[in-house]
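Q: I have a new model open and would like to go through its fold piece by piece. Could you take my questions as they come?
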Amino acid sequence: MKKLNAKHYINIFIAISVLVFIDQITKVLAVRFLKDIKEFPLIKNIFVLEYLENRGAAFGMLQGKQFFFFFSFVILAILVLIFFFKVPATKRYLPLTICVIFISAGAIGNSIDRIRNQFVVDFFYFKPINFPVFNVADIYVTLATIALILLILFYYKEEDFDKLLSRRK
């Protein structure tokens with residue numbers, strides 16, 4: 001039977017917790033300081049802070065589908081737990097683990113909002129390209145997903161995934 005590496009799992013838990021805390025603090029600050037103002041320019045006519053209550057998913061899709069979000073979160077949580085127990089705590093798989101930590105933290109951060117408020121607090125906005133308003137959790141998920149795609153394309157080989165899929169507990 002595989003020996004559990006408690007330190008590895010504690011580090012993962014701490015990393016996710018810190019990232020979720022940062023996300024939640026930024027949302028509390030957005031509610032406190034941005035909710036009643038139109039916008040706060042950081043770079044005039046380019047990048048502004050603008051409070052938005054997003055009742056949908058990415059880019060406002062699936063408005064008001066709370067059950068779908070809850071169900072999706074439960075499935076994601078199960079898959080993430082399986083991932084963390086399946087992937088070895090080695091240097092080779094550290095980049096993959098970091099990506100999943102960031103994706104998990106983003107999902108948890110936005111899920112906390114959905115459970116507590118029935119919406120997600122968004123507040124970053126790029127005006128010139130009319131990019132949808134987003135938050136710190138969205139940044140975690142987007143950047144980690146891009147990194148994950150790059151890792152799959154250029155860093156990991158098919159054998160790396162074969163080893164993961166054939167690993168026995």
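Q: How do strand 1 and strand 2 pair, and over how many bridges?
A: Strand 1 (residues 40–43) and strand 2 (residues 47–54) pair in the antiparallel sense, over three bridges. Two strands count as paired if DSSP finds at least two bridges between them. Helices (H or I, at least four residues) and strands (E, at least two) are DSSP runs, numbered from the N terminus.

Q: Before we go on, what are the ground rules for this model?
A: This is a predicted model, in which local features need pLDDT of at least 70 and side-chain atom pairs count only at pLDDT 80 or more, while totals for chains, interfaces and linings use all residues. Residues are numbered from 1 along each chain as its sequence is written, and side-chain values use heavy atoms, with hydrogens and water left out.

Q: Back to the strands, then. What lies between strand 1 and strand 2?
A: The two form a hairpin with three residues between them, and Asn45 in the turn has a positive phi of about 60°. Within the pairing, Pro41 stands opposite Val48 in strand 2.

Q: Which strand pairs with strand 2 over six bridges?
A: That is strand 3 (residues 120–126), again in the antiparallel sense. Phe47 stands opposite Phe126 in strand 3, and Glu53 stands opposite Val121.

Q: What is the strand order in the sheet?
A: The three strands form an open sheet in the order 1-2-3, with antiparallel pairing. Strand 1 and strand 3 stand at the edges, each with a single partner strand, so one side of each has no neighbour in the sheet. Neighbouring strands are turned by 35° against each other on average, direction ignored.

Q: Which strands does helix 1 touch?
A: Helix 1 packs on the sheet and touches strand 1, strand 2 and strand 3; its direction makes about 75° with that of strand 3. Helix 3 also packs on the sheet, touching strand 2 and strand 3, and its direction makes about 125° with that of strand 3. Contact here means heavy atoms within 4.5 Å.

Q: Is strand 3 mostly covered or mostly open?
A: Strand 3 is mostly covered, with six of its seven residues buried. Buried means under 20% relative accessible area, exposed over 50%, and partly exposed in between (1.4 Å probe, protein chains only). Of the 169 residues of the protein chain, 36% count as buried.

Q: On to the helices. At what angle do helix 1 and helix 3 pack?
A: Helix 1 (residues 6–34) and helix 3 (residues 94–117) pack at an angle of about 45°, with their axes 9 Å apart. Axes are lines fitted to C-alpha atoms, for helices over the stretch in contact, and angles run from 0 to 180 degrees between N-to-C directions. The two helices are therefore oblique to each other. Angles under 35 degrees count as roughly parallel, over 145 as roughly antiparallel, 65 to 115 as roughly perpendicular and the rest as oblique.

Q: Which residues make up that contact?
A: Among them are Ile12, Ile16 and Leu19 in helix 1, and Ile101, Phe102 and Ile108 in helix 3. The residues of this contact divide into 10 nonpolar, six polar and four charged. Ala, Val, Leu, Ile, Met, Phe, Trp, Tyr, Cys and Pro count as nonpolar, Asp, Glu, Lys and Arg as charged, and the others, Gly among them, as polar.

Q: And how do helix 3 and helix 4 pack?
A: Helix 3 and helix 4 (residues 136–154) pack at about 155°, with their axes 8 Å apart. That makes helix 3 roughly antiparallel to helix 4. Its contact with helix 4 has 14 nonpolar, three polar and one charged residues.
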